[in-house]
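Open the model in your viewer and keep the selection panel at hand. This tour tells you what to select next and what is there.

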There are 2 protein chains.
Amino acid sequence: MDNTTETALIMLPGPVPVAPQVLRALSKPMINHRGPEFRRLLDESREKLRGVFKTESDVLILNGSGTCAMEAAVGNLGTDKRYIALENGKFGERLKSLTALYGSSMAVIADWGTSIEVEQVKQALETGADAVTLVHNETSTGMTNDVQQIGALCRKRDALLIMDGVSSIGGIQAPIDRWGVDIAFTGSQKCLGLPPGLSMISVSDRAWDVIKTAEKRPYYADLLAHREAAEKGQTPYTPAMPLFFALEEALKLLEVEGLEARIDRYSVYAESIRTAVQAMGLELFPKLGPSSAYSNTVTAIKVPPKLEFMALKEAMERRGIVIAGGQERLKGHIFRIGNMGNLSKGDILQVIEKLELILLENGIVDAMGAGTLAADCVLEGS
Amino acid sequence: MDNTTETALIMLPGPVPVAPQVLRALSKPMINHRGPEFRRLLDESREKLRGVFKTESDVLILNGSGTCAMEAAVGNLGTDKRYIALENGKFGERLKSLTALYGSSMAVIADWGTSIEVEQVKQALETGADAVTLVHNETSTGMTNDVQQIGALCRKRDALLIMDGVSSIGGIQAPIDRWGVDIAFTGSQKCLGLPPGLSMISVSDRAWDVIKTAEKRPYYADLLAHREAAEKGQTPYTPAMPLFFALEEALKLLEVEGLEARIDRYSVYAESIRTAVQAMGLELFPKLGPSSAYSNTVTAIKVPPKLEFMALKEAMERRGIVIAGGQERLKGHIFRIGNMGNLSKGDILQVIEKLELILLENGIVDAMGAGTLAADCVLEGS
């Protein structure tokens, strides 16, 4: 699809549609990144982000995508740490790789898209660990993991908890402090509704104590350098100014809508998508267990037997809608619909309607209507 | 200065004034970062950047500022390397820190703003080294170092040459291949006239041979991962889309102007600034030697005895012009005027005129006119 008319509906689990106000803010001329105007912007944004993270801890802004913050979370703790890495999807696996790169790592692995067994985590923690890594919302599988239980276990065993909140913070309930999360991070191109390019990371006092004594830290993603600069209203290296202008605007929009209203809205969108695809006879990918739930920001659906993923994707794109496939081992097996960013109920309905039409054309449903009706009922609460 | 009217003239050595076409490109709606449209953009941009770097090597684009690329340049070579780090300014010092963080480092140090002695480098190389790090254009001191001689020494001794081209590539002659540079990098917010946020890095075959066998590489700035993704028209992690849209536009503008014309224009701007400030009795900061020259992208000037830097800076800002001070040990001693980005001859004249006015008000010059006349003569070639 050639998007020269700029009308494509981006239903990816990031990047997401960006509100026009936020897009316009990107175009502001440069300012002095060491001056009072930038200081005000940075101070206010960090303060508002503390509200989004529901934390009293420092929130720092990194000039890099979510993976930059993910590396910062692990890389700043020093090279002598023992990790327990929880994996049930691609991003859990990435965290596992990072823990092995920077320390010694033991993994608790569940099949991608199935629940992590809390009992296994408990047992693993008994062998002694400095930190546990966990993905709150697995963008790769459409599954939300239970952080609260893991947080309680970590507190009991005095292990730090590192949480990937890339596709949850600001869109799914994720009270960082209440859950006892020590390091949490998100990316700009998800629930905050910004373009990609920035990531935000919170660091608890417990985590700072470890970071301060780390014998070696990365340079560009050095969290202490970021904190030191932030105290002066600066970033340690030149900030990606347009994204900071956009962040200011996106946080204003979030404030106007309200964090809880945003979370509710995403949950209604996701539920309507789940209900609709099931009404059309499709199957959701995640196998829920006692410590997991369907994601309210990204829905992963099994590709129906009579259809190839690429055919489905292209048929949707011809109709102006961009969806995502599965990643790595899930390639071809699932498709994913994100519902973050600047979306309306009408957008959600449109996606379902086009999907239903394609299913009809391919003989997967017999008639139009069941999907859109189901979606509409959830969206309108009737 | 509150820039609510967005008219400030940003004469910093980065960020720089960004052309309106480039600013507008930032506001384009998101596209699929794994689709053909992004692939075309990335392929074309990388190809054009090879021209800007004057290299046949791979040029990769990182989602991070110049320091991200600087860390990538050193961090990807493995942890067993012996470096010779050349330092005569803040960014040489930063490279020295990175070489010590990732390998073992020996430094050849000259006072900030003075020449590096090539003979010393030659002697240091005789002790054996895997790589030499050097800043082409020291943004912190307004001095350009001679890379060609160092490149020849490195080739003779089979050491890799890592060059910081952040404030030179695209604005000062820097033929990467001809000079035998193995890894060179630049940032978006300098000669390319973009906002900050991206960095570009070239890697020679010799350097790839080392990188491929490195026992450990950083994750976010993993150059092999970037190359692998680039071959598929992608970035390994979600790209900062608006900055890529802007890059496409900025490279078009550079193509229209022509690289050599851009380099000439910057050199006329810088010469006019140097000539003018000296005509007003001010002193340039760099002490030139046999292996250095004045920078054609940033001019560093000693703060005159009868004036405080902050008073000068604020007086300029009240008149709508943003200049930079000295960094770290040079704080208060020098001020710096960048001449990169979307600037016209009129902008340069305006800067000189305002500076002259402030010098007059402070009794540093007796009359107006000498500075602007000198600047005008150089600008108009008369």
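**Stop 1**

Select A:Ala324 and look across to β15(A), where A:Arg336 is its bridge partner. The strands here are β14(A) and β15(A), the latter covering residues 334–338; they pair in the antiparallel sense over two bridges. Pairing here means that DSSP finds at least two bridges between two strands. Helices (H or I, at least four residues) and strands (E, at least two) are DSSP runs, numbered from the N terminus.

A word on the model: this is a prediction, in which local features need pLDDT of at least 70 and side-chain atom pairs count only at pLDDT 80 or more, while totals for chains, interfaces and linings use all residues. Residues are numbered from 1 along each chain as its sequence is written, and chains are lettered from A and ligands numbered from 1 in the order in which they are written.

Now show the whole sheet. It is open, has three strands in the order β12-β15-β14 of chain A, and its pairing is antiparallel. At the edges are β12 and β14 (324–325) of chain A, each pairing on one side only.

**Stop 1: the two domains of chain A**

Colour chain A by domain. Domain 1 is 9–16 + 258–380, and domain 2 is 21–255; these bounds come from an automatic or database domain assignment. The C-alpha centres of the two domains lie 27 Å apart. Domain 1 puts 32 residues into the contact and domain 2 puts in 33. Residues are in contact if their C-beta atoms, placed from the backbone, lie within 7 Å.

Which elements give two or more residues to the domain 1 side? Select α10 (259–279), β11 (292–294) and β12 (298–302) of chain A. The most comes from α10(A), with four residues. By class, this side of domain 1 has 16 nonpolar, 11 polar and five charged residues. Ala, Val, Leu, Ile, Met, Phe, Trp, Tyr, Cys and Pro count as nonpolar, Asp, Glu, Lys and Arg as charged, and the others, Gly among them, as polar.

**Stop 2: strand β3 of chain A**

Go to residues 82–87 of chain A. This is β3(A), and five of its six residues are buried (20 or more other C-beta atoms within 10 Å of a residue's own, with C-beta atoms placed from the backbone). A:Tyr83 stands opposite A:Ser105.

Next comes β5(A), residues 131–135, which runs parallel to β3(A) and is joined to it by three bridges. Find A:Ala85; its bridge partner in β5(A) is A:Thr133.

**Stop 3: bring in chain B**

Show both chains. In all, 45 residues of chain B are in contact with 45 residues of chain A. On chain B, select α1 (20–26), α3 (66–75), α4 (90–102) and α9 (241–257): each supplies at least two residues of the side touching chain A. That side divides into 26 nonpolar, 12 polar and seven charged residues.

How are the copies related? A rotation of 180° with 0.0 Å of shift along its axis superposes chain B on chain A, with an RMSD of 0.0 Å (by least squares on the C-alpha atoms of residues with pLDDT of at least 70 in both). That is the relation of a two-fold axis.

Terms used: Buried ≥ 20, exposed ≤ 12 C-beta atoms within 10 Å, placed from the backbone. Contact = placed C-beta atoms within 7 Å.
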